[in-house]
Amino acid sequence: MREQIVWQFSDDRGQLSTAERRPSKVLAYVQAGATLWDYGIHPWGIFGSGHDGDEPDRAKTGSLPLTAVEYLGAGSDLDVDTLLRGGPDLVVAVSYGGGHVYGLAPETAKHLEEHAPVVVVDVGQARTLADIGNRFAELARSLGAEETPTATQDLAAARDRLRTLAAGPSRPRVLALSPAGQDQAHLARPRMWPELRVLTELGVDVLEPAAGPGANWSTVGWPEVTALRPGILLTDIRSNATPLDRLRPNADRSALERAAAVVPWNPEPVCSPQAHARFLTLVADAVEAAQGR
């Protein structure tokens with residue numbers, strides 16, 4: 001007797017996953033799990049990447065109720081047995097291009113697919129944030145999620161507000177960076193980050209680091225950061241970045257922090273309308289405050 005396919009989904013590798021019933025025990029990379037939660041899908045478990053540790057990175061978990069979601073670990077702690085120990089019937093992973101599963105060793109990802117369906121969503125720089133969000137929305141709907149018109153409306157309102165403010169008489173210079181210790185910072189190249197490209201499209205003046213090594217980041221000293229004279233800092237808040245308030249006093253950095261508003265930024269954003277609207281609102285608030293100074 002042939003099996004009856006009830007659920008299927010074609011991922012961003014063009015790979016079709018099928019099942020005799022709709023998956024209900026979803027294991028996801030933390031970014032994917034937090035995004036699915038906002039779309040109404042409750043993941044059973046999440047896992048991190050080599051940048052993460054024994055506890056989930058709260059910068060990436062969004063609205064996930066961590067007391068109700070299993071965290072299986074990250075990096076070298078992840079093997080096939082660990083990932084399968086709770087019996088997930090679907091694994092949702094992300095890729096930064098080429099179909100490579102992010103956060104898992106290639107051999108682990110290969111053997112995992114021998115035991116469970118794996119859906120991969122491409123979140124890399126080749127995709128727009130809207131495209132990424134749409135793919136997660138399609139996946140969520142296939143898993144039983146309902147439409148979220150209020151969230152979509154809130155995002156549209158946040159975009160309109162920021163676009164209007166960015167068209168105002170003064171445009172504060174915005175710099176996105178990841179602090180990397182006492183002496184240097186990684187400056188984001190806006191075109192390489194879908195969320196930063198949205199800001200540019202809405203008219204925000206996002207600073208572009210000088211050409212040089214590094215496809216996604218330009219690593220410079222704090223004096224070079226200060227010399228760019230940003231009015232707003234989008235500061236990486238992931239656990240692998242150095243929090244600004246833990247750095248020793250430094251004349252250049254102190255001058256920078258006095259002149260610029262600091263907005264938290266997660267380079268691995270939750271890709272839901274709700275999360276994106278919250279981020280745009282924070283940026284709009286900072287732009288509005290800077291224009292009022």
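The model is predicted; local features need pLDDT of at least 70, side-chain atom pairs count only at pLDDT 80 or more, and totals for chains, interfaces and linings use all residues. Residues are numbered from 1 along each chain as its sequence is written, and side-chain values use heavy atoms, with hydrogens and water left out.

Helices (H or I, at least four residues) and strands (E, at least two) are DSSP runs, numbered from the N terminus. Axes are lines fitted to C-alpha atoms, for helices over the stretch in contact, and angles run from 0 to 180 degrees between N-to-C directions. The crossing of α6 and α9 is right-handed. In a right-handed crossing the near helix is turned clockwise from the far one by less than a right angle; anticlockwise gives a left-handed one. On the α6 side, Glu195, Val198 and Leu199 make the contact (heavy atoms within 4.5 Å). On the α9 side, His276, Phe279, Leu280 and Val283 take part. By class, this contact holds 5 nonpolar, 1 polar and 1 charged residues. Nonpolar covers Ala, Val, Leu, Ile, Met, Phe, Trp, Tyr, Cys and Pro; charged covers Asp, Glu, Lys and Arg; the others, Gly among them, are polar.

Helix α6 is mostly covered, with 6 of its 8 residues buried. Buried means under 20% relative accessible area, exposed over 50%, and partly exposed in between (1.4 Å probe, protein chains only). The buried residues of α6 are Pro194, Glu195, Leu196, Arg197, Val198 and Leu199. Gly203 follows α6 and has a positive phi, near 100°.

Helix α5 (residues 149-166) also packs on α9. The two axes come within 9 Å and cross at roughly 25°. α5 and α9 are therefore roughly parallel to each other. The crossing is left-handed. Residues of α5 in the contact include Ala151, Leu155, Ala158, Leu162 and Leu165. Their partners in α9 include Ala277, Leu280, Ala284 and Val287. The contact of α5 with α9 has 11 nonpolar, 5 polar and 5 charged residues.

Helix α9 itself has 20 residues. From first C-alpha to last it reaches 28 Å, close to the 28 Å expected at 1.5 Å a residue. The expected span is 1.5 Å times one less than the number of residues. Among the buried residues of α9 are Pro273, Ala275, Phe279, Ala286 and Ala290. The buried residues of α9 pack against α1 (30-38), α4 (129-142), α5, α6, β12 (232-236) and β13 (261-265).

Three further sites were examined. Arg229 lies in the loop between α7 (222-227) and β12. Arg229 has a positive phi of about 50° although it is not a glycine. With 65% relative accessibility, Arg229 counts as exposed. Ala105 sits in the loop between β6 (90-95) and α3 (106-112). At 43% relative accessibility, Ala105 is partly exposed. Ser17 belongs to strand β2 (residues 16-19). Ser17 is buried, at a relative accessible area of 5%. Leaving aside residues up to four places away in sequence, Ser17 touches Trp7, Gln8, Phe9, Pro117, Val118 and Val119.

Terms used
Parallel < 35°, antiparallel > 145°, perpendicular 65-115°, else oblique.
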